[in-house]
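Let's take a walk through this structure together.

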Amino acid sequence: MPTTSTSTSTSVTSSSGSSRELMSRLASGDPEIKFKALREIKNQIIGNRTKKLYFLKLGAVPTVSGILYRAQVELPDDNIYSKNDSNRDIIIQSAAVLGSFACGFDAGVRAVIDASAFPQLVRLLGYRDDKVVDAGARSLKMIYQSNLAPKYDFLQEKNMEFLLSLLHSESENVTGLGASIITHSCQSIAEQKALCDAGVLEKLVGLLEGSLSQRDASLESLAMLFKDNPDVVLKFAGLENGRPLSSITELTKDRHPRTRLLACICLISIRNTSPCYLQDVGIKTRLVNLLLELLDTPDQVGDDASFAFSSLIAQKEDLQKLAFEANAVDKLFNLLQGEQLHSKRLQGLLLALGNLCSKLESCRSRFLSLQVLELVIDSLTNDNADIRSAACICLRNVSRSIKNLCAGYFMNEKIIIPLVQLLDDSSVSVQVAALGAVSNIMVDLATRKSTFIQCGGIKQLVQLSKSMESTVRSNALWALRNMMFLADDKCKEGIFLELSASEIASLICDPEPLVQEQALALVRNLVDGCVNSVEFVFAEDGVILDAVGRQVQSASKAEIGIQGMYLLSNIASGNEFHKEAVIEKLLPQVDKEADCFIINFLRSNDSRLRTAAVWAIVNLTFPSSPGAFGRLIKLRNAGIVSQIKSMVNDSCQDVKVGSFVTSSVVIIHFSPCWWRCMIILFEAASCENGAHTVNGLW
Amino acid sequence: MGGNRCKKDRPAFVGIIFTAQHYQQRAPKQDLDRRSRMPVRVVENSAPSHVSDANSGHTSPPACSLLSVGQAFSGTQNVSSLQKDEAWRVNVRIQGCDLDNGYLCGVMEALNVPMADTPVVTFWEGEIVDTKNYTFFTGKWEATPEDDIRHWTKFPSFSSLLSQVKVDGGKSLDLSNCPYIFMRWKERYFVNVGTDCGLTIAGFYYVCFSCSDGSINGFYYDPNSSPFQKLELKSTNEGRFGFSFSSYELQ
């Protein structure tokens, strides 16, 4: 961190002039005045965002950048031993001012980069004067803590050499800069590998033994090197018989909260990348407890702890259970109740709560019993988009419970009105997060979704189903599909009219597979229930059914085939007209087996697809329907009956049952003596090789 | 919902007859059909999306389309007493199913209940006996292992499992290829009436579901109610000429 002035002169105080006056003094030809002005600005802006912003508006950054440039021209490295000490001091002070502007302040980083000060600071690293190098390194470190810093290309040999020279430096700030560059810029597997191959891993391990700042910088960089790269983790775990891994574990007990946090983040990165490590319940419990403790830290450590906690427990039921046992829900609730939480803290706490409630019903129950919901609802209308999004994610995960949905906890105006408003949010990520929550809440089977409909929710969802963003389209359809689940006729008709048959057909044929899948699932639910619902797919000259036929035939993934086959199966559970329409789609060219997609589905390795296909056949040959025999002949001619016959012993019980039902139907139709065949079927089924007996009937 | 004693025997089963040999042996490996897309979804689908051989060694019950979300059943609960024969018409709808966690839930609607003005709807949660999440021994709700055995043996399909269940509650059984799914259904709350409706939901049901024909048989157990009230349900197709399946997906 840039420190407060170390100059022996203490006569310069903030009262020595206004900010404008200070700016004018920067233009002074007297190096002493210029130096003092720089130092004064630095002292005023350290830790003071308001002052930073004020000086930014006065154009301080380009001015200081210009001063640094001119001082460098007048004092190139070769002249380091010249008598021009004032220029040297100006260089150091200018670098410190620029670093201070960049420290924790993105607008400052942007200004420094825009003023072309970045390459000037890099040039300082080549000086032989340690203080100049240190000043440059310290400022660059500040810049590299921001996402706005330029990306460093490790894959260029020259750059890698330079980075290694930084890491090999004896200066704490220079090695820290090297580590910061890695933390900031190492993103791809190729970069991680290149860094490892160059020996960076060993160097960072060495820094773990260094000063506090070197340790922290090393921990941060190591976490980035481990991220999603099991090879790096494996190599690290094997270093020095696992001593570095033990060192990091030990650092979770360090007296400095930031070091403890960074050690936790490093261990989380290892575990998330290679779950075989850190399986011991002791270390898992320690990580949970440590992070919960660190949440109490008021500064950035406390903010970051909530995100680290989320990363630790996300998608891991065992860790969520440990967190629940450590009263994490209560803890997060208490923290959320704090006054004047700043944005990042609030966002982190909401996400942590959301992750905690993503799997365990016990966490959700505790959440609801503590009235946390009220606080989450308040955050839905926060000015900050990240907070609105986090609140939606939290709500989505808490509502991921059919028990709570059936209890009607979420379908009320306090939740629905702000959620519907968020569907129209200016941020796409907020829209998608809100759609996630809406999708779950729409499964509410008790209140028939009337609150949502009255708020104009259907119109909004239909509008979003036409979005240019495919994620928005698929999520909007997801919500409509859930809403359509066991919906009453009025609700179904409302959605259908709002969407229109032609729009549904075009969504079924959407270029994005996820959209296709959700559109098919929506129609599947639409035609379930009252048999009259099947008529929906015949509207507008059967445009929907035509689209389904085309899409199922060319299904690009199993999920599309599954939804499509259940949809056709539901239509085939209707009347004769409906069944005939389905068989036409299933057997477009009965004499060309290669084109008969249902055969492929019945032969699929995916048992879900086989099951869906079998149910369609069951419905087409349903015994009490008059045209069943004719359809059975068509199916037999297409080779489907023999395929079904071979599936009676399918490894999937569900397929087996469906095949058996179909088999028995076949027997009913083809045998002159219905009962005799049923008896044979039962006898066949009761003996071990019963299928052979059944097969013999064909 | 508690009522009175039932004297009727279970009717003859019409469907596919499986012997113990069919399901006591280890099942052949199921297809790897677990969804793996991110973000992880909680799938409530009539398709058997939870069955996986990824965690071989555990014995998930077979996925069954007829026991999936949205499926409806209707039948009776016999609440006859020594004084009079009585049966309530009962409708059941499955609303949630998570085979991995041995969880099922839904609503049960009792019609023509004498002391109620309207049909009485309750929300229930089910424990699927999969020997991973739950065994045949209840271990709660005032049910002793003896109570459990006494009720389970009422189901003919249980007979071949009895000896092992007596030893360890069935923990070592492989039910993955069993054509029956054994469950306990516990009513949690009344949906449309208050707790003062005169009915009790203190007990729970021992339930046996047949994968082959979608029939459900059950016995209500509550130490303070008439024993062995029999629940008999059949899968309904709600006026359709075939079977239809809805689905939803929680995000």
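Predicted model: local features only at pLDDT ≥ 70, side-chain atom pairs only at ≥ 80, totals over all residues.

Across the interface of domain 1 of chain A and domain 2 of chain A, 5 residue pairs are in polar contact, with both residues at pLDDT 80 or more. A polar contact here is a pair of N or O atoms within 3.5 Å; within protein, one must be able to donate a hydrogen and the other to accept it, and residues adjacent in sequence count only if both atoms are side-chain atoms. On the side of domain 1 of chain A that touches domain 2 of chain A, you'll find 7 nonpolar, 2 polar and 3 charged residues.

Residues are numbered from 1 along each chain as its sequence is written, chains are lettered from A and ligands numbered from 1 in the order in which they are written, and side-chain values use heavy atoms, with hydrogens and water left out.

Back to that interface. The area buried between domain 1 of chain A and domain 2 of chain A is about 1,000 Å², and carbon and sulfur atoms give 63% of it; buried area is the accessible area (1.4 Å probe) that two parts lose on being put together, summed over both. In domain 1 of chain A, Leu125(A), Lys141(A) and Tyr144(A) lose the most area to domain 2 of chain A, together 55% of what that side buries.

Now for a helix elsewhere in chain A. Helix α26 spans residues 413-422 (helices are DSSP runs of H or I, at least four residues, and strands are runs of E, at least two, numbered from the N terminus). Its buried residues include Ile415(A), Leu419(A) and Leu422(A), where buried means under 20% relative accessible area, exposed over 50%, partly exposed in between (1.4 Å probe, protein chains only).

Further along sits Ile583(A), in helix α36 (residues 576-586) of chain A. Why does Ile583(A) count as buried? Because its relative accessibility is 2%.

Chain B has 3 helices and 10 strands. Of its 251 residues, 60% count as buried.

Terms used
Nonpolar A, V, L, I, M, F, W, Y, C, P; charged D, E, K, R; others polar.
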